[in-house]
Amino acid sequence: MHILSVITALTLFFVHAAAHILSVSTTTTCLTVTSDSVLPLTFSTTISPTDNIDFSLAVGLGTASVNITPPQLGEIWLQNFDLVALGHAETGTGSFTLQIPINTNNAGFFTSGNFTVTVAATRAFGARYGTELAFYQVPVELTI
Ligand SMILES: *[C@@H]1O[C@H](CO)[C@@H](O)[C@H](O)[C@H]1NC(C)=O
């Protein structure tokens, strides 16, 4: 291979390197539900050598006892986040936090107990943007 081709290939490789969500967690294990309560979810991202875009996140909530299993999102859905609009679609290695609304308006008909927050991430990777759904789950105890 000609040296310029190698340099071009390497440049493309590094220019297109992007990150994707690796895991989701929260420091709030117990949340008291009010009219404007939110659950902070922290998304850890890792750099990867291929194109990676996390387009959007759909977030749902289900009671722990019913065992929400992906692709189930939960008994209710909470919010959809446009990661491109929010500037979190192609982050480097690190993390970002989103505030998930869990309030009397959307979760008020549940009674206090243990719940599972499920996140479905729409993402694409590689030179041809193969798309897939990735799922993450976080437990939380709600006082309602
Ligand atoms: C939630 O789960 C924890 C751990 O299993 C348990 O100690 C707690 O009593 C549960 N909360 C409710 C309201 O059921």
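Mentor: Strands here are DSSP runs of E with at least two residues, and helices are runs of H or I with at least four residues, all numbered from the N terminus. Two strands pair if DSSP finds at least two bridges between them. This is a predicted model, where local features need pLDDT of at least 70, side-chain atom pairs count only at pLDDT 80 or more, and totals for chains, interfaces and linings use all residues. Residues are numbered from 1 along each chain as its sequence is written.

Trainee: OK, in what order do the five strands sit in their open sheet?
Mentor: The order is S2-S8-S7-S4-S5, with mixed pairing. S2 (30-32) and S5 (76-82) are the edge strands, each pairing on one side only.

Trainee: And what does the twist average from one strand to the next?
Mentor: It averages 30°. Angles run from 0 to 180 degrees between N-to-C directions, and the axes are lines fitted to C-alpha atoms, for helices over the stretch in contact.

Trainee: Over how many bridges do S4 and S5 pair?
Mentor: Six, in the antiparallel sense, and S4 covers residues 52-63. As an example, Ala-58 has Asn-80 in S5 as its bridge partner.

Trainee: Switching topic: which strands are at the edges of the three-strand sheet?
Mentor: That open sheet runs S1-S3-S6 and its pairing is antiparallel. Its edges are S1 (18-25) and S6 (94-101), each pairing on one side only. Neighbouring strands there are turned by 35° against each other on average, ignoring direction.

Trainee: What stands opposite Val-24?
Mentor: Phe-43 in S3. S1 and S3 (residues 38-48) pair over seven bridges, in the antiparallel sense.
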